[in-house]
Amino acid sequence: MSRQSVAKAHQKIQELSWEPAYHEPVSHYGTDYTFQKAQKKDPLKQVLRSYFPMQEEKDHRVYGASDGAIRGNMFRQVQERWLEWQKLFLSIIPLPEISAARAMPLLFRTVPNPELHNGQAIQMIDEVRHSTIQQNLKRLYMNNYIDPAGFNSSLRNFQSDYCGTIGRQFAEGFITGDAITAASIYLTIVAETAFTNTLFVAMPAEAAANGDYLLPTVFHSVQSDESRHISNGYATLLMALADEGNHQLLARDLRYAWWNNHRVVDAAIGTFIEYGTKDRRKDRESYAEMWRRWIYDDYYRSYLVPLEKYGLEIPHDLIEESWNQIWNKGYVHEVAQFFATGWLANYWRIDPMTDKDFEWFEYKYPGWYDKYGAWWENYNRLSMPNGHKPIVFEDVDYEYPHRCWTCMVPCLVREDMVMAKVDGQWRTYCHDMCRWTDEVAFRPTYQGRQTPNMGKLIGHREWETLYHGWNWADVVSDMGFVRDDGKTMVAQPHLDLNPDKMWTLDHLRKCPPLASPNVLLNEMSDDERTAFAARYVRGGPAGRAPADA
Amino acid sequence: MTTTQDAPKFERSVPKPVFTDAEAGAREFPDSNSRRYNYYTPQKRKQSHYEDVTVDVQPDPRHYLTQGWLYGFADGRGGYPLDWTVLKAWGSDQPSPERGPGSGGMIVKDWPATGWHEFRDPNEEWELTLYRYNSNVVRQVTQNVEAAKASKAFEQWNANWVRFVEQHIGAWMHVDHGLGLYLYANANRRAPTNMHNNAISVNSMHRIRAAQDLALYNLTLSEEIEGFDGSAHLETWNNDPAWQGVRDLAEQLTAIDDWCEAIFAANIVFEPLVGELFRSQLVQQAAPRNGDFVTPTVIGAAEYDFAERDLRYTTAMFELLTNDREFAGHNKAIMSDWASTWTAKSLAAARALQPLWSQPDAKPPRFEDGLDRVKSRFSGIVVSLGLEEPKELAQ
């Protein structure tokens, strides 16, 4: 930048905006919020003359590191256990990023503050940066990591698979429905301000511990843009708070956005960090400890709570409940176990846990072994094909869960499952909050108030429905999760790349057909359904049948 | 006596490097050599880096999106509806696969399922390219202005030219800013593929950057030229009759509902007929004659953005549609209407600017000559798209 100070330059560019004199800009997106014009400032004073060179310099560092990693043979030291989970993560994350770019226009006509529009436009191009730089990182992994399967079919996988679909909420929620709910509260106030800490700071640290310093290089570079996005969100939130008529909607949206982010992000990132690592030093932070630091202390206590005095109704109960889920109810462990149970529907390999892992889990989460130890021993025992079926079909005291209609993560903490008939269909939910999201929040009225701009949950939200009655070999073929010999599966429940030890479609052909829990639920009589629900909530932990069953 | 006993070693707790041999080529197994993205068909023989980081990131239920869109607007529609423009690409009228219980994924094998997905940005813009390009521009613009300051170049300007720059060149920043935000950035939510939306968002940044370039240049001039009124552009933009046609038109452009019409009207019609008329036929011609070699370098950066990059992706995007194997006639008819409508409006706005040609002491070439040149260029653009020259061009 020239000798003009950034502050002076930023002040000058405020002269660029003008009030329409002849025609109003098109208004494509609606909101039930109301805003008064206000001079909320962009505290980060974003100016493109300094922005572009700054981003270019960051790029130099990222691409320099990429070259260094290849020349220095980084992949000789990368843990396969870790990189395999990146096949899932890096298939998901470019879409949320680009969706954040697409979300910015939702705010132009709904938030009357041109100074913020400038920041939102810069966020838009930041997000293009993030999406393409992450696609590029995946490309680098595909080209240089030992097993390209899953990376090479990444976006097909992501768009076909239930895990990808769970992650896709973290994108579609930004760009549809009420413009403020989507692009402000869900995206910037909760997803970016709270959960990018675990996504882009905690997870890269774990990558580095597993020999992968490219993920931290790229994602810390990404995270360095987030502070500007957080600032955009904060200014919008303050404008919304200024109108008391918005408080009811803010309370609704914070509850929905918080809970959905917790269900989706904690499920995925918690699993990557806890089950994708080989670093079992006792003094390295567990996901629960990271969550407590980054989300509970830094976000909840330092960011959210101070807003209470401005009239923001903080979902204290949900924040405590999220912690309860992570710490007492084993949410992350239940999710990791489910991913491993259903390994055959995935597009990455999942390494069995070892004694060293068990010891670490027991140290960090006392009581872990009693709940999950035996199951992971069975997973290890059943990992190589040897006349038996994949673990999901074997008797290891694990009952395949029903799926949550809202967050689409299965109902893994069995005692929390609730059931409701909504829109003429019986649906299961992983928690009453997810039922509330579907049945109460995403509706055209809320607590007696008209909310005509609120979005809708749509789509085939239970993946199993599509394949109800199919043979598993056909399911995996249909999804395309097959290697180039036409029979070996991309997914494996171990890391051994000896073709003789890898599962093929032939093994799956002998398995029972896939049954959709939701289809079956809707075929039940009322009495059967009542009995089913009563039994389901007595199950667990670790997917166990009820003790008295 | 000295002791040779070592102090107890303190070992930090850090992750230990482990040799894993997880690099490409370490073993042979199924897929071990399948090192390209296999889910899309490249435009040319080989997949490009640009395609790898762009194609299919934004999903489409007509391809792999087996569970469909998950979140919708209040009317239940999610994603990127094709009818957000009235133009059509082949396959647009075919319904999405109807998936349901036991249907399987119904992945569309015949891909691309619609002509929309054939579009590739000829500029191949992704993050690496867009930051390099724009950084180079802002660096060069800054250096040009700094060099001019150092050589006291602004002292050569006559008083009339100072007024011209503060008022009229200043006024153009509002056009760039308004369209950059409310037309281009707005349109980046509207198109059905990632290739379209990324190209449009880069276009948006060109315009916003160009607006800021002019604003900051204006700030420098306020500091360097005694009596330079840094706020004169506001009065000009708000009240000068010569600018009200451009302003009216710029506002109309931001009010367009259809995203294709917005890009067409702005990049195919408005920019050649009004933008290039102002930049290349007025400012670039008048400035040197009035002792100003600096302003053309600032304006020239924006001109290059449009002429060499934004127009390039725009013509590639619309050529596909005017040559569409199913809807070429439909698209041409609509684009012809758009061309007529926006040509008439653009020429009216352009003519309103005519008084500007007489304001500098050293006059630029005649307004009509400049207008003829931009009409000729515009005609070449529409004809290259397979459209007829609109009769309104004769106005």
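This is a predicted model: local features need pLDDT of at least 70, side-chain atom pairs count only at pLDDT 80 or more; totals for chains, interfaces and linings use all residues.
Residues are numbered from 1 along each chain as its sequence is written, with chains lettered from A and ligands numbered from 1 in the order in which they are written. Local features need pLDDT of at least 70 and side-chain atom pairs count only at pLDDT 80 or more, while totals for chains, interfaces and linings use all residues; side-chain values use heavy atoms, leaving out hydrogens and water.

Q: How many helices and strands does chain A have?
A: Helices (H or I, at least four residues) and strands (E, at least two) are DSSP runs, numbered from the N terminus. Counted that way, the secondary structure of chain A comes to 22 helices and five strands.

Q: Why is chain A described as being as compact as a globular protein of its length?
A: The radius of gyration is taken over C-alpha atoms, and the globule rule is 2.2 Å times the number of residues to the power 0.38. For 549 residues that rule gives 24 Å, and chain A is close to it, so the chain is as compact as a globular protein of that length, with a radius of gyration of 24 Å.

Q: What radius of gyration does chain B have beside that of a compact globule?
A: A compact globule of 395 residues would come out near 21 Å. The C-alpha atoms of chain B fill a box of roughly 90 × 80 × 40 Å along the principal axes. The radius of gyration of chain B is 27 Å.

Q: In which order do the elements of chain B run from the N terminus?
A: Chain B has ten helices and one strand. From the N terminus on, the order is α-β-α-α-α-α-α-α-α-α-α.

Q: What percentage of the residues in chain A is buried?
A: Buried means under 20% relative accessible area, exposed over 50%, and partly exposed in between (1.4 Å probe, protein chains only). For chain B, buried residues make up 63% of 395. For the 549 residues of chain A, the share is 68%.

Q: Which residues of helix α4 of chain A are buried?
A: This helix covers residues 94-103 and is mostly covered, with ten of its ten residues buried. They are Pro94(A), Leu95(A), Pro96(A), Glu97(A), Ile98(A), Ser99(A), Ala100(A), Ala101(A), Arg102(A) and Ala103(A).

Q: Which residues of chain B does Arg129(A) contact?
A: Arg129(A) is in helix α6 (residues 114-144) of chain A, and at 0% relative accessibility it counts as buried. Contact means heavy atoms within 4.5 Å. Leaving aside neighbours within four places in sequence, Arg129(A) has contacts that include Asp59(A) and Asp225(A) and, from chain B, Glu127(B) and Tyr131(B).

Q: Which residues does Met317(B) touch, not counting those up to four places away in sequence?
A: Met317(B) sits in helix α8 (residues 295-322) of chain B and is buried at 1% relative accessibility. His196(B) is 121 residues away along the chain, yet its C-alpha atom is 7.9 Å from that of Met317(B). The residues touched are Phe119(B), His196(B), Trp259(B) and Ile263(B).

Q: Which cysteine holds the closest cysteine sulfur to Cys407(A)?
A: Cys407(A) is buried, with a relative accessible area of 0%. The sulfur-to-sulfur distance is 3.7 Å, too far for a bond, and the closest sulfur belongs to Cys430(A).

Q: Is Asp423(A) buried or exposed?
A: Most residues other than glycine have a negative phi. Asp423(A) has a positive phi of about 50° although it is not a glycine, and its place is the loop between β1 (418-422) and β2 (425-429) of chain A. At 57% relative accessibility, Asp423(A) counts as exposed.

Q: Is Asp31(B) buried or exposed?
A: Asp31(B), also not a glycine, has a positive phi of about 80°. Its place is the segment before α1 (49-54) of chain B. At 5% relative accessibility, Asp31(B) counts as buried.

Q: What is the omega of the peptide bond from Gly540(A) to Pro541(A)?
A: Pro541(A) lies in the segment after α22 (526-536) of chain A. The bond from Gly540(A) to Pro541(A) is cis, with omega near -5°.

Methods
A disulfide is a pair of cysteine sulfur atoms within 2.5 Å.
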